[in-house]
Amino acid sequence: MWQYTDKVLDHFRNPRNVGTIETPDGSGEVGSMACGDALKLTFKLDKNKKITDVKFQTFGCASAIASSSALTEMIKGKTLEEAEKVTNQDIADYLGGLPEQKMHCSVMGREALEVAIHNYRTGDTSKKILEGKVVCHCFGVTEEEITRVVRDNHLTSVEQVTNYCKAGGACGKCHNDIADIIAKVSGEVHEGDRVEIPPPRKLTTLQKIKQIEETLEKEVRPALRKDGGDIELIDVAGNKVVVALRGMCANCQVARFTLKDVVEAKLKEFVSPDIIVEEDKP
Amino acid sequence: MYLDNNATTSVAPEVIEAMTPFFRDLWGNPSSMHAFGGQVRQYVENARRQVADFIGADKSEIIFTSCGTESNNMAIRGTMEASAGRLNFITTRVEHPAVLEPVRMLKDRGYNVIELDVDSSGQIDLGQLKRVLGYGPALVSIMWANNETGVMFPVSEIVDMVKAAGGIMHTDAVQIVGKMPIDLRAIKVDLLSLSGHKLHAPKGIGALYVRKGTRVAPLLLGGHQEGGKRGGTENVPYIVGLGMACELAGKNISGEMTRVSAMRDRLQKGILEKCSNVRVNGDQVHRLPNTLNISFLYIEGESILYHLSDLGIAASSGSACTSGSLEPSHVIRAMGVPFIAAHGSIRFSLSRYNTDADIDYVLESLPPVIKKLRSISPFGRT
């Protein structure tokens, strides 16, 4: 069981402001069934542009329901400008804290509010404003979103980013990109003493061999091993890479396609775009 | 209302009673050369016989371990090591982590590892198994029954195929032992893992069955215990407890099985009648008598569990949120359960200590919880 605070459990057991407003001034939906949680937020303004009524519907775990409920209580009676200032950390604090792995629930609350306010101002009804590059394709998290949680919550590791906005929580392919974003945000603080990074140099043959080996190990071997095969690096001459199939794959016709298409594509992607792959002929 | 017996079970009162003297009075070391310690040996050997009798084995084929995880590790790593790289390794995508993690280690060490897929009912394709067995001698590790869905693999047929191909067969039987009768004289697996706390013995005791003539390298070096296969002074009270638990389970296993499966079926039928938009996950024909894995569409598993917990009902879920990971369980995903159902999967697992009144209570308490959570859900069905 999670170590939820009494306040989290109270908002989960007795959620406040459940439902949807029939004719809302602003409406925002984030998340999806696939992601495992989703939130729909609707609000109504009075003549002084203050939030008089707000309602939510949430699909998700206990902390997702509690975070949504808490958010509605927090923004009721506030102007949009005031409500906009609510951060995910404020939601977590209101609840007396959330387990680290559940922080993404508070982020979902803040996002829904943002989308709802955006909807009020522009009439845009899109589910989520996908601005900028999508970094995590599994959960559809953008560079802007990751940058924001890193900055707002002073995050320093990929694992934390996953806890806060789910990015990187499934296939893991975007971990390097997330690490780059963290580095970029932490760099903002020390803008003054940034060091000039020299342009990339041509790879030495040894570096190239090492990178090729790494790429084969990470990107190619796991798939071959699943069918009981393997691949070996025989020679590297300039941009020509000679490999041989082993095990079950050695006599497999399908594997011939594997070799040219997959291996070459991977090496072009991870090592150098000029690489050509050939099979070792006995 | 405890309906999470695939996670762990209560310790049977008879087991506690059988164990107590070995804390209080008979605490000697069975390897000692004095009567005070030496007399304990006979109780260890008696327990070994109880376990062996229960699964149709010879006493000399039972090695006591600390848990099911250790048994699985020893079976897989010990056999692969003893084979000196000669064997391929074949398993399924829905094994317990106690198999999947050692398998990942084998992969890293360069072994040929093949993981069989399962279909939407959670069953493997025996044709695929036959094909991969053709690649050469293999250690095959396939669970007898799945912990999450209760789906049972046709181990009897699988063993015959593996033996015909000259392979070695291990089965993780942690979930089935104690729930269904097992006779290893008829089903000739080479290695079988079992765990005490799944059959009303305490946590911290398990066993590995090793058929005579099967070579397994030990994991724990450091003593002559268990025929040199597992060093470490015998955990006498727990070994005695496991023996007693096996004897108790064996007394009326067929009768209890029928009674438990009747309760499970009533639970399933009742939920299907009272709640709309539900689906039962996994093969319902080849299934443990005590397990029901059922998905409530449009809502999330952790929320259901917390509400049930408030009502005094203990169950578990394959949802992402319960594990702290962000994806639903690997078993649910391997079966291709759609996301709409995967996040709301709940596992009820019964034991012989459950009663009809328990089922009545769940059938009465659960529908309002589902209704409440669906009224909160933006996907808005009832």
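Colleague: What is the relative accessible area of A:Glu114?

Modeller: A:Glu114 has a relative accessible area of 29%, so it is partly exposed. Buried means under 20%, exposed means over 50%, and partly exposed is in between, using a 1.4 Å probe and protein chains only.

Colleague: Before we go on, where do the numbers and letters come from?

Modeller: Residues are numbered from 1 along each chain as its sequence is written, while chains are lettered from A and ligands numbered from 1 in the order in which they are written. This is a predicted model, where local features need pLDDT of at least 70, side-chain atom pairs count only at pLDDT 80 or more, and totals for chains, interfaces and linings use all residues; side-chain values use heavy atoms, leaving out hydrogens and water.

Colleague: Thanks! Which residue does A:Glu114 form a salt bridge with?

Modeller: Its partner is A:Arg110, and the closest N and O atoms are 3.0 Å apart. A salt bridge here is a side-chain nitrogen of Lys or Arg within 4 Å of a carboxyl oxygen of Asp or Glu.

Colleague: And is A:Arg110 buried or exposed?

Modeller: A:Arg110 is buried, with a relative accessible area of 2%. Both residues sit in helix H5 (residues 103-122) of chain A, and because they are four residues apart they are separated by about one helical turn. Helices (H or I, at least four residues) and strands (E, at least two) are DSSP runs, numbered from the N terminus.

Colleague: Why would such side chains pair at all?

Modeller: Side chains of opposite charge can pair when their charged atoms come close.

Colleague: Let's switch to H4 of chain B. What should the span of this helix be?

Modeller: The expected span is 1.5 Å times one less than the number of residues. Helix H4 (residues 41-55) of chain B has 15 residues, so it should span 21 Å, and its end C-alpha atoms are 22 Å apart, which agrees.

Colleague: What covers the buried residues of H4(B)?

Modeller: The cover includes strand E1 (62-65) and helix H10 (253-274) of chain B. Among the buried residues of H4(B) are B:Val44, B:Phe54 and B:Ile55. After H4(B) comes B:Gly56, with a positive phi near 70°.

Colleague: Where is B:Asp108?

Modeller: B:Asp108 is in helix H6 (residues 97-108) of chain B. B:Asp108 counts as exposed, at 63% relative accessibility.

Colleague: Last topic: what does the secondary structure of chain A come to?

Modeller: Chain A has ten helices and eight strands. Of its 282 residues, 45% count as buried. Contact means heavy atoms within 4.5 Å. Among contacts in chain A between residues at least 6 apart in sequence, 54% join residues at least 24 apart.
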